[in-house]
Amino acid sequence: MSDLDQLLGQVAAQMRNAAADPRLERLEDAVMAGVVSRRERAVARRSLALAGIVAVGIGWIGSVVPSSPAQAASRPAIIGMSDYAPSRLLGQ
C-alpha cells in the first residue's frame with residue numbers, strides 16, 4: 001500500500017502545483033447569470049399565475065352577482081338611420 005500512497009501523494013502534489021484552468025475563473029459569472037435567469041423566470045411564472053387567479057376570481061364574482069334583468073329595446077334601431085330622419089319623425 002505504500003506504493004499506492006506514494007503515487008497518490010505525487011499526483012496530489014502535481015495537481016496542487018499545476019496551473020488552474022482559465023475557464024474556472026469565469027465559472028462564477030456563469031453560475032450567477034444562471035441563478036438570475038432562473039429567478040426572473042420564477043417571478044414571471046408567479047406573476048402570470050397571480051394574473052390568472054385574479055381574472056378567474058373577477059369572472060366568477062361577475063357571474064355570481066345578480067344583475068338587473070335583461071329588457072328588450074322598445075324599438076329596433078336601424079343602423080345608419082338618424083333619429084331625425086323624416087320616416088322616423090312621421091312614425092313609420
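**A nonpolar patch and its helix**

Author: This is a predicted model. A nonpolar surface patch is formed by Leu4, Leu7, Leu8, Val11 and Met15. Its area is about 490 Å².

Reader: Which helix holds Leu8?
Author: Leu8 belongs to the patch. The helix that contains Leu8 covers residues 2-17. That helix is α1.

Reader: What span should α1 have, and how far apart are its end C-alpha atoms?
Author: α1 has 16 residues, counted at 1.5 Å a residue.

Reader: How many residues of α1 are buried?
Author: Buried means under 20% relative accessible area. α1 lies largely in the open, because of its 16 residues the number buried is zero.

Reader: What share of the protein chain counts as buried?
Author: The protein chain has three helices and zero strands, in the order α-α-α from the N terminus. Its accessible surface is about 8900 Å², with 63% from carbon and sulfur atoms. Of its 92 residues, the share that counts as buried is 2%.

Reader: Where does UniProt place the "transmembrane region", and how far apart are the end C-alpha atoms there?
Author: The unreviewed UniProt entry places this feature at residues 47-65. Over residues 47-65 the chain is 95% helix and 0% strand. The end C-alpha atoms there are apart by 27 Å.

Conventions. Residues are numbered from 1 along each chain as its sequence is written. This is a predicted model: local features need pLDDT of at least 70, side-chain atom pairs count only at pLDDT 80 or more; totals for chains, interfaces and linings use all residues. Side-chain values use heavy atoms; hydrogens and water are left out. Patches are made of residues with over 30% relative accessible area and no salt bridge: like charges are joined within 9 Å, nonpolar side chains (Val, Leu, Ile, Met, Phe, Trp, Tyr) within 5 Å. Accessible areas come from the Shrake-Rupley method with a 1.4 Å probe; for residues, only the protein chains shown count as cover. A salt bridge is a side-chain nitrogen of Lys or Arg within 4 Å of a carboxyl oxygen of Asp or Glu. Helices (H or I, at least four residues) and strands (E, at least two) are DSSP runs, numbered from the N terminus. UniProt positions are given in the numbering used here, feature names are shortened, and annotations may be inferred rather than shown by experiment. The expected span of a helix is 1.5 Å times one less than its number of residues. Buried means under 20% relative accessible area, exposed over 50%, partly exposed in between (1.4 Å probe, protein chains only).
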